[in-house]
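Please find my note on the model below.

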Amino acid sequence: MKIDRRKFLAGFSACVGGGAVGSMLSPLPWKVMDDVAIWTQNWPWTPVPQDGRYSYVQSVCALCPGGCGISVRKVKSRAVKIEGLKDHPAGNGGLCPLGLSGLQYLYGPARVKSPLKRVGKRGEGKWQPISWDAAISEVSQKLNELRARNKPHSLAWISGENKGILAGLIDRFLKVYGSPNVLRDSTAHDAIDQAAYHTQGQRGTVFWDIENADFILSFGAGLMDGGWPLARMNGFPKSADGGKTLIQVEARLSDTAAKADLWVAANPGTEGVLALGIAHVMIRELIYNIDFINRQASGFEDGVMGGDQVLQGFKSMVLEKYKPEKVSGITGVPVDAIFDIARRFAKSDKAVAVCGRGHGRVAGCMDEALAVHYLNALKGNIHQPGGVFVVADPDYVRFPEPGMDKIAEYGLGQTRVDGAQSEKFPNSRYLLHRLPEIINTADGDSPVQALLVSGANPLYTIPDGKSVKKSFDKIPFIASFSPFMDETAVYSDVILPDHTYLECYRDIVSQGSMDGIVVSLAKPVVRPLYNTSHLGDVIIQIAKALGGYIETAFAWKSYESLLEETFADNWETITSSGYIRMNPQIPGTVATSFNTPSKKFEFNINAGAPEAPFSSAFEKIAMEGDAQNYPLTLIPYDSIRLAGNYPANPPFMTKIIDDTVLKKTHGCIEINPATAKQLRLSEGDAVKLSTPRGEADVQIHLYEGVMPGVIALPRGLGHTAYSEEWGLYGKGVNVNDLMGPIEDPVSGFNMAWGIRAKLTKI
Amino acid sequence: MKESATHETARRYGMVIDLDKCTGCGACMVSCYAENNVPFKKDESNKLDSINWIRVVKMTNQKPYPDTQICYLPMPCMQCDGVGKHGHSPCVSVCPAVATDYDFTTGIVSQIYTRCFGCRYCMAACPYHARKFNWWDPVWPADMEKYLSPNVSPRMRGVVEKCSFCFHRYQLARDKAYQEERAELEENEYQPACVEACPVKAMTFGDLNNPAHAVYELKNHKHAFRLLERLETNPKVYYISSKEWVRRNGDNYLPDEAPGRLKSKAKARH
Amino acid sequence: METPLIPPGVKRCPTWQFALWMAAVGAVLLWGVYAMILVWWKGLNQTNMNDAYGFALWIWADLAVIALGGGAFFTGFLTYIIGKDKLKGIINYAVIIGFICYSSALLILAIDIGQPLRGWFIFWHANVHSMLTEVAFCLSCYFGVLTIEFIPLILENPRLAAKPFLHHLSHNMHEIMAVFAATGVFLSFFHQGSLGGVAGVLFGRPFAYREGIFIWPWTFFLFTWSAAACGPCFTILVTWITEKITGKKLVQQDVIGLLAKIAGWMLITYIIAKSIDTLYWALVTAPGMGFTLMDFYTDHPIYNIGILFAEIVLCGFLPALILITRRGRENGFLLILSVLLAVLGCSINRWVMVLQVMAVPVFSFESWFLYSPSWQEVATTILPVAYGVILISLAHRYLPVFPQEKELNPAN
Amino acid sequence: MSISDLEHAVDPNLGAADHPPQKSSGWVVFFCFMIGLVGSLIVGWFLFPQWLYSEKHQPIDFNHSIHMDNVSDGCNSCHFFREDGTFSGIPDLSACTDCHQDVIGSDPEEEKFVTEYVAQDKEVQWLSYFRQPDCVFFSHAAHVTGAGMSCESCHGDIGYSTHSKVYQENIISGYSRDIWGYSISRFGKPGEHDGKPMKMNDCAKCHLEETGSKGACFQCHK
């Protein structure tokens, strides 16, 4: 038979047809269809989290100074979730979004996985992994060299560790080495503590007894914007089950202002003036705590200074200079409102006035801190429940006095590079923001020859980024101990990565309360993931490498053994319960606690701290830039959804940022619709933001809650480091780059709250 | 242990959120991400393709400075009981493949990712935008897969997901109860992650049918309301706000209508 | 010598011309296929849809082509069941257009779902309460019916008809076509209606929600009705376009006139019902949910109140009134204008009932949700158009689609 | 078929009617049809199941029976409930090392276990015959503690096996064959001593019988 094309086609079709029928009658198509569907339900690239025994490790959060207790849920050896730890004195089970995101730092792509040595140009991002021995000798060689050149004081250490054993180790290391230059960020607390020192003569940390207060008069403090553990705000704001009163003074409707009973929209920079206006009303209407003032205060009434010179007392100064009408003119707060606030504050049972803008990461103006502190004195709530306490810092970190050699003694005798603790600023411990300018204007070599950085990201956080970078370029050697590839780590010469707080022991000192200061113990929740090393151990290792008496001063076996040794009798308690309390407060012990020459609360600050006489102007705080070229005022603001300082926002936090704050890579600038209308700007417009310090491209967001004429940018955006997968890289604007520091004449602190700015449409 | 197959909801788990307390911190959202293996992308600024099982919406009273007020509104899945509380929530009735159902023992609306084939009809049906679509394959960079919880299965691209009131916590609590030979759960044994995480305790969770649970009383607060009550979706998430403009924002009203007057009508109906 | 491929007695363009035409349309098709593969491979992130706007361009295209493919069932109904024999002059073409529309609709659905390999769950794990389930079942079944209706026509290709088996098969299928037509009408009634139900049952979406009877919202009936009205209009429109392109008269004008007249009456009754529905919705249903009519419209170029006017008056009453008057129908320009308007009107209706539903904010604090399609969406939406053009070109060239063609165009 | 092919024999002067219907060789068509039919049936019923499952062996041939003889609490001894009500499933190495710190028997598999795993502190990558996919939440507590079911009622007599059976993995879905059940057609029932099939329908069937309802989705899904 001849098989032609037609026959072949017919046969082939029949065969295919038969095959189709046969297949349908077999399991093949149906099973394949089902199995393929099952395959889509279990795509190999969709992870399957392994199950196992669940356990919880109790520890403490180290991502901000709050030190809230955390409970970490584990599945076998993996940490899967961080939750608030109930019954922990800090946080009491509550945790902010940052603390909840902690595991993203631990497992995230921004980790530095081993010691690294720079091989490219600085900041280029080319690294070579090196061994720990090599990394430590990189540092010790440099340090040996400085000592050999008799320049130990040209070593500086920028440290984010403020309290506790690590801070103690760093202080001790520099002391033994021979440098006075431990540099730390000054926060609002530094100003407030100093105000307390001037008026009460007590050194220590101020805390406001929020828990027991029923009325808070807040001068811009971001109580609910992440500056404070939110759980402490229990009862504020008012709600269906009662609650306490909060008055928020702020130029922008922040989350705190939104939750306040009353939002007082004062001109930015006039908070101190407003406080004195309120004081004026209290004094005039005799609604201040007359008993306290009469018995416990000095300098309130006019005094006599030898001869017929009259020393003007606080009372007449305020009555004379801060009449509500005048204050209203300066602050923009209606006269009625000033009276109203003063009366409500005065008549509340337990009222307290607080300050510190936003997260309180900028020290601010001494006048403002003083004015607010005076209000508390007028209320008579010093060392009273619901009032203000000054607590001595915990002194559990006690090391034996180290030996010193000549070089170290010489170095320690030099003045600090940042000018803190100098004759000019005797009471300010650190003035980190002054460092760039000092280096940049120094003749010849940089006064800092080697810089070590731990727990801080100065390249991001110090104002005026450009000049910070310029000053870093002049420092021959920079080493970072950061566990993350942050801006400063990227710009360093060698990185000796620390563990994260979830991989090691660490003592964390929380904010104080009536029950005392809480010292918590961070525990290793998981074993270290990478080739990192505890900063404490690294310090001991470096000391060992330096040898001699320095080695002897750090003769501990390891950080852990030092920790155990330090807590001694408390070790049992702190490991089992997770925390110990120190220095509990006994309310009302005022008379014994004021340490001024008069043993009273001093309204006359110069009598309070005679070593640093100054006079306060109590005026609106100045601002950089001229109104002619820069018609608007730029203020930075803090948000609880943005980690403004160190470390940078984790992806979960970035995910909850509103699209009115960050849109794709554009940071949004808040502007009042009325102001925008004048400038012919509308929602979403791309604009160039210029200040005397720099410029940036931003996007307009119309916000009724920001004062006309003022524009607001959030802190915490505009990162240029971390991993790109971190989701924050190159997004928005770092407002620190657009502002310069303004030096407080009394303390030297940075008191800049804003800067003049202009917007031009692109 | 036969479970009733009749359509009467034994327990109706629900939530009462006090908007006066909520500070908009976002801890509920982050806690939810961590609890439920919610992924993140490099850019999450387009909130319309960003997966959130609970969103905190910022509302303002639209008044000029300085009379402006803002109120944060956390919105999980409302776990609607549907018209007449028969479990016909807007989304359940439309799903063509039974990838979502109403559980008559808890009143919780499920979403089964492996059943869902991504038609998105339920998203169109839900007026609360509680349902989110996986437009992308989820990716956890570096070692981040290690923090994934085994109690919630990660979702693949192409399916819808939504808040489950942390049903796995209910399951785990029940396992524990079995082990301890108990039949009933205590109020505090089953709490969703968001409720537990709220640092200001603005959220309360429990069985709306159980007089011993806090939500039972709270839902009858004079300032309590639900979102879009007039659509008869019968949400199980209640809100409390002392501000009239907030309550008004919770639903739609003709110019001559006011929330208070209508609400009593709505309550009488159900 | 083999049997020729082209039906006898008709004139077709030269091969090269046809090839060129096919190549041009084929290029568009390939573009669409490329986009389709992208969507399947990379997922729906290739579109500009989002969580608020989860139904978008191609779902509108899907609904529109199903409505416009309604010409097949309604013409079949008129031809085989009512017995309007005159319409046999156009029924073949109506079936082909229906086949194209429905196969496109199924393809679009396969692209639109996030997990195409699990698409069969809609059948296997069906939820009988869902309008979409009803759509899927009826759509697939009716597509099967259309295929069966299409097969005899394919078998009439001269070369296939040369085989006795196929010839007889074709003949016998023709004999029982009325049964399939009836089945098609039944299935179409339900799935067209269910598509209307898809939006109408959304009681969480005040813009879409309609009251109704038993489980069926009024949109259920309106959709069926409008498909019956506008489907034939689309058939007429496509026939006219085909005639213009081929430069030949293919269907007798009285056939067109009859279909247009019926469509006109369907349209006028539909648009009256639609107006009543709209009024009831605007005055009773929506206010009951706290909405006024103007809450549903904004000053956006697409989502403004003009769209309601366009749908009901400009693309509803106007074409309906033209089509029901003899003078209107007999004026070639007015006829084509009115069928075009009717087709537009139906498409607008589907757009409004699906896409505007997504755009309208339900909360007073929300703003409008806007969306514009990505190129992948546009390409995959054009894909069925290219595919339809190709199928029509092939069918016209090789199949005796128009029985009156020979008569209307005597050879030379 | 390309256009030109189609066009090849076109002669506009000839219509279909001019060609006499050609004789079709019916038996050839029938024969080819049968080849296709039978061939595909063989493929579908016999070759396909072979191809669908890949066979894997347990890293250690485990003897359940001998363990059952030596433990006090039956299955519970190794597969126990934790305090929180979760089920431990396949034991970790640490559970084995209680007894197997050193080789205690004469079985070469045990020796392999001790030298390759215990000595090196390496977990054994057991293959789980009944591992449900990630989307499933299965509560052993509800079934065993709550409903009083025995292990055997689902897992069969695995506790009396002396060798680990071959693990068959579906190469498309990755499931263990035991989830599907033994026979590909699912005709017939699994043997008395076999584990039960564990696809969703199997669960639902039992739930319907025992509780009167298939249960809500979330009862078994996560």
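Predicted model: local features only at pLDDT ≥ 70, side-chain atom pairs only at ≥ 80, totals over all residues.

The numbered points that follow take the chains first, then the interfaces, then the helix packing.

1. Chain A, make-up and extent. Chain A contains 27 helices and 30 strands. Along the principal axes, its C-alpha atoms fill a box of roughly 140 × 70 × 55 Å.

2. Chain A, burial and contacts. Of the 762 residues in chain A, 60% count as buried. If one takes the contacts between residues at least 6 apart in sequence, 72% join residues at least 24 apart.

3. Chain C, make-up and extent. In chain C there are 16 helices and two strands. The box filled by the C-alpha atoms of chain C is roughly 75 × 50 × 35 Å along the principal axes. For 412 residues, a compact globule would have a radius of gyration near 22 Å, and the 22 Å found for chain C agrees with this.

4. Chain C, burial and contacts. Buried residues make up 53% of the 412 in chain C. Of the contacts in chain C with a separation of 6 or more, 80% are between residues 24 or more positions apart.

5. Interface of chains A and B. Chain B contributes 53 residues to this contact and chain A contributes 62. On the chain B side, the elements that give two or more residues are helix H1 (27–35), strand S2 (55–60) and helix H5 (193–197) of chain B. The largest share, seven residues, comes from H1(B). By class, the chain B side divides into 25 nonpolar, 13 polar and 15 charged residues.

6. Interface of chains B and D. Here 24 residues of chain B are in contact with 22 residues of chain D. The side of chain B that touches chain D holds nine nonpolar, nine polar and six charged residues.

7. Helix pair in chain C. Helix H2 (residues 57–68) and helix H4 (residues 88–112) of chain C have axes that come within 9 Å and cross at roughly 160°. The angle therefore makes H2(C) roughly antiparallel to H4(C). Their crossing is left-handed. H2(C) takes part through residues including Trp58(C), Ile59(C), Val65(C), Ile66(C) and Leu68(C), while among those of H4(C) are Tyr102(C), Ala105(C), Ile108(C), Leu109(C) and Ile111(C). By class, the contact has 12 nonpolar, one polar and two charged residues; Asp62(C) of H2(C) and Asp112(C) of H4(C) are among the residues that make it.

8. Helix pair in chain A. At what angle do helix H9 (residues 271–284) and helix H11 (residues 314–321) of chain A pack? The angle is about 110°, with the axes 9 Å apart, so H9(A) is roughly perpendicular to H11(A). H9(A) passes H11(A) in a left-handed crossing. From H9(A), Leu276(A), Ala279(A), His280(A), Ile283(A) and Arg284(A) meet Lys315(A), Val318(A) and Leu319(A) of H11(A). This contact has five nonpolar, one polar and two charged residues.

Technical notes
Residues numbered from 1 in each chain as written. Chains lettered and ligands numbered in written order. Helix = DSSP H or I, 4+ residues; strand = E, 2+ residues; numbered from the N terminus. Buried ≥ 20, exposed ≤ 12 C-beta atoms within 10 Å, placed from the backbone. Contact = placed C-beta atoms within 7 Å. Nonpolar A, V, L, I, M, F, W, Y, C, P; charged D, E, K, R; others polar. Axes fitted to C-alpha atoms, helices over the stretch in contact; angles between N-to-C directions. Parallel < 35°, antiparallel > 145°, perpendicular 65-115°, else oblique. Left-handed = near helix turned anticlockwise from the far one by under 90°. Rg over C-alpha atoms; globule rule 2.2 N^0.38 Å.
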